[in-house]
Amino acid sequence: MSTFPIIGFVTQSIILYFLSVIFTLNVHLFDFFLGVLLGIVSLIFWTSLGVLLTVFINDYQKRDTIIAMSIMPIGFSAPTFYVIDAVPNYINFIASFNPLTYQIMAMRSIIYGQPNLRYKSIPIRHFKQN
């Protein structure tokens, strides 16, 4: 189940590395390689989790609905498309429970050579109580 996603991920990673060389971005090959390895481990984690979730579902329509309804919040609450400091508090709070957030932060810190694996948590007092 993970073979084709890994091949696609590695192919995209190689293209991104060549683009970073063309645009003279400061990305070291060894750090990039470590980041890709971490990405492959993360990809295997998510594929295995998806297989575990869908093993017990016999109906294809239910399976597709469950996968679609779970992937969207996971994908959009992780800081893939935005900077974690520039979002509203409720998205920041949701992202703090998302494992994809920590995987992305680890990959970025490895690739850019800036080891920072701590997530900026939001103190509870920032949330307004109704």
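Of the 130 residues in the chain, 26% count as buried in this predicted model. The fold is built from 5 helices and 0 strands, giving the pattern α-α-α-α-α when read along the sequence.

Helix α1 covers residues 3-22 and helix α2 covers residues 29-55; the two pack at an angle of about 155°, and their axes lie 10 Å apart. Because angles over 145 degrees count as roughly antiparallel, α1 is described as roughly antiparallel to α2. The crossing of α1 over α2 is right-handed. On the α1 side, the contact is made by P5, I6, F9, V10, S13 and Y17. Helix α2 answers with L29, F32, V36, G39, I40, L43 and I44. Sorted by class, the residues of this contact comprise 11 nonpolar and 2 polar ones, with no charged residues.

Charged side chains come into view elsewhere in the analysis. A search of the whole structure finds 1 salt bridge, and it pairs the side chains of R63 and D64, with an N to O distance of 2.9 Å.

Key
Residues are numbered from 1 along each chain as its sequence is written. This is a predicted model: local features need pLDDT of at least 70, side-chain atom pairs count only at pLDDT 80 or more; totals for chains, interfaces and linings use all residues. Side-chain values use heavy atoms; hydrogens and water are left out. Axes are lines fitted to C-alpha atoms, for helices over the stretch in contact, and angles run from 0 to 180 degrees between N-to-C directions. Helices (H or I, at least four residues) and strands (E, at least two) are DSSP runs, numbered from the N terminus. Angles under 35 degrees count as roughly parallel, over 145 as roughly antiparallel, 65 to 115 as roughly perpendicular and the rest as oblique. A crossing is left-handed if the near helix is turned anticlockwise from the far one by less than a right angle, and right-handed if clockwise. Contact means heavy atoms within 4.5 Å. Ala, Val, Leu, Ile, Met, Phe, Trp, Tyr, Cys and Pro count as nonpolar, Asp, Glu, Lys and Arg as charged, and the others, Gly among them, as polar. A salt bridge is a side-chain nitrogen of Lys or Arg within 4 Å of a carboxyl oxygen of Asp or Glu. Buried means under 20% relative accessible area, exposed over 50%, partly exposed in between (1.4 Å probe, protein chains only).
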